[in-house]
Amino acid sequence: CVENIEFDGGIDNEGGSGQQFNVNSAIWFGFDYGIITFPNDLRANGDMTVRNCSFKHFLCAIDIPGLGDGNINITTNIFKDLSAPLFIFDNINTKGAITNNSFSESLFYDLLIWDLDYTVLGYTFYPYSKPSTKTSWKISGNTFNTQNFGGEFQYPNGVSIYLLDARRVFH
């Protein structure tokens with residue numbers, strides 16, 4: 001459990017690795033970052049709770065990619081001045097709850113859940129794994145103070161909750 005922590009990634013006016021932010025993510029919970037390709041499924045398995053924390057000045061506050069099995073609870077947190085506070089993609093056999101959080105001043109999306117087989121984009125962090133159960137998320141009691149900073153139709157900025165289900169399209 002990650003609890004009662006103030007995360008601040010800092011601002012970089014020179015355009016650091018996270019654009020204007022010094023740090024890409026406060027929390028990464030998923031597959032091993034940087035693994036090129038292996039014959040076995042290297043998805044992460046595990047449970048995580050993030051509660052009563054505050055996040056500011058990150059490209060992404062919490063990044064959850066490539067879980068193979070797990071339970072995720074993100075509750076009563078404050079997300080402010082981030083590019084994309086919650087970036088959740090390519091998770092299978094996972095249950096999650098995103099409840100009673102506050103989102104404000106995001107530059108991109110407040111909450112992005114992208115159900116996608118990451119390998120169809122050409123990335124080979126792990127081989128394709130057929131899910132045994134559909135990943136599901138309970139989203140309730142959150143406050144979104146969303147602003148529109150521009151963007152395109154396909155990838156608009158200023159979206160509170162962006163849900164994409166591409167897994168069914170490709171498999």
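Mentor: One term comes before the rest: two strands pair if DSSP finds at least two bridges between them. Please also note that this is a predicted model.

Trainee: Then how many bridges join β11 to β14?
Mentor: There are 4 bridges between β11 (residues 86-89) and β14 (residues 109-115), and the two strands run parallel. Within this pair, F87 has L112 of β14 as its bridge partner.

Trainee: In which sheet order do β11 and β14 stand?
Mentor: The order is β5-β8-β11-β14-β17, an open sheet of 5 strands with parallel pairing. Because β5 (25-28) and β17 (159-165) are at the edges with a single partner strand each, one side of each has no neighbour in the sheet. The twist averages 10° from one strand to the next.

Trainee: Turning to β2, what is the order of its sheet?
Mentor: That open sheet also has 5 strands, ordered β2-β7-β10-β13-β16, and the pairing is parallel. β2 (6-8) and β16 (143-145) each have a single partner strand, so one side of each lacks a neighbour in the sheet. Here the twist averages 5° between one strand and the next.

Trainee: What connects β7 and β10?
Mentor: β7 (residues 54-56) pairs with β10 (residues 78-80) in the parallel sense over 3 bridges. S54 is opposite I78 of β10.

Trainee: And which residue of β6 is the bridge partner of E3?
Mentor: The partner is R51. Strand β1 (residues 2-3) is joined to β6 (residues 44-51) by 2 bridges, in parallel. R51 also stands opposite T75 in β9, and β6 pairs with β9 (residues 67-75) over 8 bridges, again in the parallel sense.

Note on methods
Residues are numbered from 1 along each chain as its sequence is written. This is a predicted model: local features need pLDDT of at least 70, side-chain atom pairs count only at pLDDT 80 or more; totals for chains, interfaces and linings use all residues. Side-chain values use heavy atoms; hydrogens and water are left out. Axes are lines fitted to C-alpha atoms, for helices over the stretch in contact, and angles run from 0 to 180 degrees between N-to-C directions.
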